[in-house]
Amino acid sequence: MAYQLSAVVADAELLREQTAELDHAFLGELRQDFALLPVTPQLVIELTGSLPDFATDDRSAARPFGLVLSTALVEVLTRWSQSGPVAYLEAEFGGGVGYQSAVVWLGGVLSWGPRFDDELDASREQWPINGALSRLGVEPGTWIDRFAELGLHLERNTDGWLAHGRRRLSADYWDELVEQWENQ
């Protein structure tokens, strides 16, 4: 089963404040008071006034993201980071092949990354998304890593997270369904 993600992750309240007036912002609630903002072409247009640009070559350390982070989009995320750390996360993989990329802004400046990995052969904590989540302040817990701890595994793609946000679901929604099913 394939996995695809293009999203901003930050403190839930920070994202609610920054996106309150946006028509194309739908926040997916995660655990530990974090939220995920699916990055769609419509959102990029709303944030920057320009169409998004997408890389045509393969991802690499030199070009870690499929979405080209335009100057205007970076300025928005940099401004948001004045209220707390903000990460842009991107992943695409299936059948053991793919990549993860992540970058973090804090205090109005780039603070970490961008990081890219298409091998994913290091320990899970060294993977780009887990590294970014650590810098956001995500605490390890009972799940296998910070990625799962927040609930980023619950939807398989950006469209799933968009629907998740539109329905105002929390990351605990799926756990509650499992619990109900087990109790029947």
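A residue is called buried here when its relative accessible area is under 20%. By that criterion, buried residues make up 47% of the 184 residues in the protein chain. The model is predicted, with a mean pLDDT of 91 for the protein chain and 94% of its residues at 70 or more. The chain contains seven helices and six strands.

**Overall architecture**

- From the N terminus on, the elements of the protein chain follow the order β-α-β-β-α-α-β-β-β-α-α-α-α.
- The radius of gyration of the protein chain is 16 Å, which agrees with the value near 16 Å for a compact globule of 184 residues.
- Taken along the principal axes, the C-alpha atoms fill a box of roughly 50 × 40 × 30 Å.
- Among contacts with a sequence separation of 6 or more, 52% are between residues 24 or more positions apart.
- The accessible surface of the protein chain is about 9,700 Å², and carbon and sulfur atoms account for 48% of that surface.

**Confidence by element**

- Confidence is highest in helix H1 (residues 12-19), at a mean of 98.
- Confidence is lowest in helix H7 (residues 172-183), where the mean is 66.

- Helix H4 (residues 128-136) is largely enclosed by the rest of the structure, because seven of its nine residues are buried.
- The buried residues of H4 are Pro128, Ile129, Asn130, Gly131, Ala132, Leu133 and Leu136.
- The cover over these buried residues includes the strands S1, S3 (34-38), S4, S5 (97-106) and S6 (109-117), together with helix H5 (146-150).
- Just after H4, Gly137 adopts a positive phi of about 105°.

**Aromatic pairs and a charge over a ring**

- The count of aromatic pairs comes to four, with ring centres within 6.5 Å as the cut-off.
- Tyr3 and Phe93 form a stacked pair, at 5.2 Å centre to centre and with 20° between the planes.
- This pair links distant parts of the chain, since Tyr3 belongs to strand S1 (residues 3-11) and Phe93 to strand S4 (residues 86-94), 90 residues apart.
- Tyr3 is buried, with a relative accessible area of 3%, whereas Phe93 counts as partly exposed at 27% relative accessibility.
- Phe65 and Tyr88 form an edge-to-face pair, with 5.1 Å between centres and 65° between the planes.
- Phe65 lies in the loop between H2 and H3 and Tyr88 in strand S4, so this pair ties together parts that are 23 residues apart in sequence.
- Both Phe65 and Tyr88 are buried.
- Ring pairs also join Tyr3, Phe93 and Phe147 into a cluster.
- Arg166 lies over the face of Phe26, at 4.8 Å from the ring centre.

**Pro64 in the loop between H2 and H3**

- Pro64 is located in the loop between helix H2 (41-48) and helix H3 (71-80).
- Pro64 counts as buried because its relative accessibility is 9%, against a cut-off of under 20%.
- Not counting residues up to four places away in sequence, Pro64 touches Arg59, Glu90, Tyr99, Ser101, Pro114 and Phe116.
- Between Pro64 and Ser170 the C-alpha to C-alpha distance is 29 Å, and the two residues are 106 residues apart in sequence.

Technical notes. Residues numbered from 1 in each chain as written. Predicted model: local features only at pLDDT ≥ 70, side-chain atom pairs only at ≥ 80, totals over all residues. Heavy atoms only, no water. Helix = DSSP H or I, 4+ residues; strand = E, 2+ residues; numbered from the N terminus. Buried < 20%, exposed > 50% of the residue type's maximum accessible area, 1.4 Å probe, protein only. Contact = heavy atoms within 4.5 Å. pLDDT = per-residue confidence, 0-100. Phe/Tyr/Trp six-rings, centres within 6.5 Å; stacked < 30°, edge-to-face > 60°. Lys NZ or Arg CZ within 6 Å of the ring centre and 35° of its normal. Rg over C-alpha atoms; globule rule 2.2 N^0.38 Å. Areas by Shrake-Rupley, 256 points an atom, 1.4 Å probe, with all protein chains shown as cover.
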